[in-house]
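Colleague: Could you take me through this model by question and answer? I would like the cut-offs stated as we go.

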Amino acid sequence: MYKVIKIDDGVYSVGCRDWDIRDFHGYSTYEGTTYNAFLVLGEKNVLIDTVKETFSDELLTNIRRIIDPKKIDIVISNHTEMDHSGSIPKLMHIIGKDKPIYCSKMGKKNLKNHFNSDFNFHIVGTGDELKIGKRTFSFIETKMLHWPDSMFTYLVDEGILFSSDAFGQHYSGDLFFDDEIGDQIIPHAKKYYANILLPFSSKVQALLKDIDKLGLKINMICPDHGIIWRDDPSKIIKAYDKWSKQDVYAKAVVIFDSMWESTANMAKAVAGGIESEAVNVRLMNTRKWHRSDIVTEILDAGAVVVGSPTLNNGIFPVVADVMTYIKGLRPQNKIAAAFGSYGWSGEAVKILNGMLVEMGMEIVDDGVKVQYVPDKDDLKRSFDLGVKIAKKLKDKLS
Ligand code: FEO
């Protein structure tokens with residue numbers, strides 16, 4: 001579905017909407033995504049990033065609506081991941097393999113590794129500029145946001161920041177700008193941050209400070225996914241500052257799975273205890289909530305409580321899936337506890353506690369174990385666990 005959007009004089013968004021994608025590396029993309037690419041016309045015509053290989057014909061059709069693709073003189077590759085570089089081989093075949101590709105040092109290495117091709121690479125780093133007639137492109141390396149090769153391209157006089165994965169959202173729709181969609185885009189941006197950039201939060205903090213130091217005038221932010229921030233780019237910059245500081249509030253996420261409702265009933269009791277202390281709580285059954293939605297809720301929660309029955313001397317598989325996912329994203333500033341029912345061996349709570357410690361969370365209680373079915377006293381112990389967690393969290397935040 002072809003669509004070209006003019007975003008400034010001689011600057012066009014020529015990327016593609018992936019309406020159908022619902023799983024992006026284990027991240028649920030309920031509203032699809034976009035692979036944004038940008039065409040900047042001038043004395044030389046520049047294409048910033050490409051799209052996933054399966055959308056390469058759509059990219060070329062979009063470009064043809066503006067210029068003959070052969071008239072592209074320079075390609076800038078901000079990031080090697082294949083949702084942005086996958087169409088480079090086909091594009092270079094059409095526009096000429098000798099045309100220059102500007103990228104970071106790691107970008108060159110990674111593009112060579114991905115496509116087994118030695119293009120006409122020009123390595124750029126922070127502070128380097130490319131002057132073409134009236135336009136000046138400047139480059140800022142943004143290692144690990146999202147890969148070691150990542151960088152931003154900044155169109156100096158126009159104040160347009162092409163930010164690759166940063167400030168993006170997995171959202172594909174009929175609206176293209178922040179002023180069109182309003183604040184309903186923020187939960188998409190938050191989910192994207194929690195699932196993609198969270199492990200690199202210290203680098204986000206450093207980057208925001210660098211942007212400040214460089215005194216960049218940012219009139220517009222064009223990420224490679226989702227909508228363009230043209231009306232108020234400071235809104236997403238401020239949100240990134242908040243998310244990357246990993247500030248938490250009086251909120252707990254109770255994650256659980258259950259075989260015969262015993263652990264589920266304990267989870268409800270734990271949640272009840274937390275709420276009784278006026279701490280917000282999200283009760284998230286791992287077989288009903290997607291792992292990427294769970295981690296989005298964890299981003300600003302001060303407490304994580306995990307429940308699992310013991311199954312074959314271990315924890316439940318879906319709980320293990322979610323715990324593995326959370327561990328990789330390295331959320332900070334959490335207190336934690338575990339609970340669960342068991343039949344005869346009962347290892348789950350101990351295993352969960354070990355996993356929570358490995359994640360760097362502060363365990364505030366040994367946890368609650370219940371054999372078979374929780375009775376009134378067991379549910380009271382579960383409720384009390386919730387109360388204890390809530391009180392500890394309030395103390396920590398006070
Ligand atoms: Fe959208 Fe790291 O790629």
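Modeller: What follows is a set of questions and answers on the chain, its domains and some of its side chains.

Modeller: This is a predicted model, in which local features need pLDDT of at least 70 and side-chain atom pairs count only at pLDDT 80 or more, while totals for chains, interfaces and linings use all residues. Residues are numbered from 1 along each chain as its sequence is written, and side-chain values use heavy atoms, with hydrogens and water left out.

Colleague: What share of the residues of the chain count as buried?

Modeller: The chain has 13 helices and 22 strands; these are DSSP runs numbered from the N terminus, helices being H or I of at least four residues and strands E of at least two. Buried means under 20% relative accessible area, exposed over 50%, and partly exposed in between (1.4 Å probe, protein chains only). Of the 398 residues, the buried share is 60%.

Colleague: How far apart are the C-alpha centres of domain 1 and domain 2?

Modeller: The chain is divided into domain 1 (5-245) and domain 2 (252-393), with bounds from an automatic or database domain assignment. Along its principal axes the C-alpha trace of the chain spans about 75 × 40 × 35 Å. Between the C-alpha centres of the two domains the distance is 39 Å.

Colleague: How much area do domain 1 and domain 2 bury between them?

Modeller: In contact (heavy atoms within 4.5 Å) are 14 residues of domain 1 and 14 residues of domain 2. Buried area is the accessible area (1.4 Å probe) that two parts lose on being put together, summed over both. Of the area here, 53% is on carbon and sulfur atoms, and the total is about 1200 Å².

Colleague: Which element supplies the largest share of the side of domain 1 that touches domain 2?

Modeller: Across this interface the rule finds 9 residue pairs in polar contact, both residues at pLDDT 80 or more. A polar contact is a pair of N or O atoms within 3.5 Å; within protein, one must be able to donate a hydrogen and the other to accept it, and residues adjacent in sequence count only if both atoms are side-chain atoms. On the domain 1 side, β5 (27-28), α6 (186-197) and α8 (233-245) each supply at least two residues. The largest share, 5 residues, comes from α6.

Colleague: How far apart in sequence are the parts that Lys191 and Asp293 tie together?

Modeller: The interface of the two domains has 2 salt bridges by the rule, each a side-chain nitrogen of Lys or Arg within 4 Å of a carboxyl oxygen of Asp or Glu. Asp293 forms one with Lys191, the closest N and O atoms being 2.9 Å apart. Lys191 counts as buried at 9% relative accessibility, and so does Asp293 at 15%. Lys191 lies in helix α6 and Asp293 in helix α10 (residues 291-298), so the pair ties together parts whose separation in sequence is 102 residues.

Colleague: Is Lys213 buried or exposed?

Modeller: Lys213 meets Asp210 in a salt bridge (3.8 Å, N to O). Both lie in helix α7 (residues 201-214), 3 residues apart, about one turn of the helix. Asp210 is partly exposed at 35%; with a relative accessible area of 70%, Lys213 is exposed.

Colleague: Which side chain does His225 join in a polar contact of 3.4 Å?

Modeller: His225 lies in the loop between β16 (220-223) and α8. At 1% relative accessibility, His225 counts as buried. The partner of His225 in that polar contact is Thr33.
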